[in-house]
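The entries follow the order in which I looked them up.

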Amino acid sequence: MTDLIDLMARLPGLGPRSARRAVLHLIKKRGQLMGPLAEAMAQVSATARECLNCGNIGTTDICEICQSEKRGNGMICVVEDVADLWAMERSAQFKGRYHVLGGTLSALDAIGPDELRIPKLLDRIASEQISEVILALSATIDGQTTAHYIADQLPGVTVTSLAQGVPVGGELDYLDDGTITAALKARRAL
């Protein structure tokens, strides 16, 4: 049990106490949760693979999104990681294809373009007749540095980014100064 708790504590969002509570709950619900969870984890471990084209996670070498004829509309959405791709898919608004970078440029961490999937992105844009690249990167300094680097590499291609600012249902009093500044700069007519 100690090994299981230690392994669970390595997961994002779980510390030692949360991991201990989770393991105790799994033990109590052994038949309902622990067995099926172990089987599902073994199945995912055996079948999950990274899409050779975009970096998404699936069960085939080329994911369903990349294989879909309907998705080949000349638009590609660039995201930092698979969690961001899945978040975009939850909205069901984007009908193009994706490209997962695997992080952002970071001089402090010695992460340059070759450590990310930027060269593969440039190849895809040329070979898939991409007319618009949507940069859905975080509003951090590293995210914006990455966005500017990619935009500089793409002359002749329309490069856009997601809007930033006040979230739906957000109240101004609870927003930080950077968010309010971004919202003011991105304002539009009603």
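**Pockets and a helix residue**

I looked up the second largest pocket and noted a volume of about 210 Å³, a volume being the space filled by probe spheres set on grid points joined across faces, edges and corners. A pocket here is an open set of points on a 1 Å grid over the protein atoms alone, where a 1.4 Å probe fits, with protein on both sides within 12 Å along at least five of seven lines; lining residues have an atom within 4 Å of a point.

The model is predicted: local features need pLDDT of at least 70 and side-chain atom pairs 80 or more, while totals for chains, interfaces and linings use all residues. Residues are numbered from 1 along each chain as its sequence is written, and side-chain values use heavy atoms, without hydrogens and water.

I listed the lining of the second largest pocket as L4, L7, M8, L11, L26, M34, L37, A38 and M41. Helix 1 (2–9) and helix 3 (30–47) each give two or more of these residues; helices are DSSP runs of H or I, at least four residues, numbered from the N terminus.

For the largest pocket I recorded about 330 Å³ and 18 lining residues, with L135, A136, L137, L162 and Q164 nearest its centre.

I then turned to T146, in helix 7 (residues 141–152). T146 has a relative accessible area of 0%, and is therefore buried (under 20%, 1.4 Å probe, protein chains only). I noted that its side chain reaches the backbone nitrogen of L105 at 2.8 Å.

Technical notes:
Buried < 20%, exposed > 50% of the residue type's maximum accessible area, 1.4 Å probe, protein only. Polar contact = N/O pair within 3.5 Å; in protein donor to acceptor, adjacent residues only side chain to side chain.
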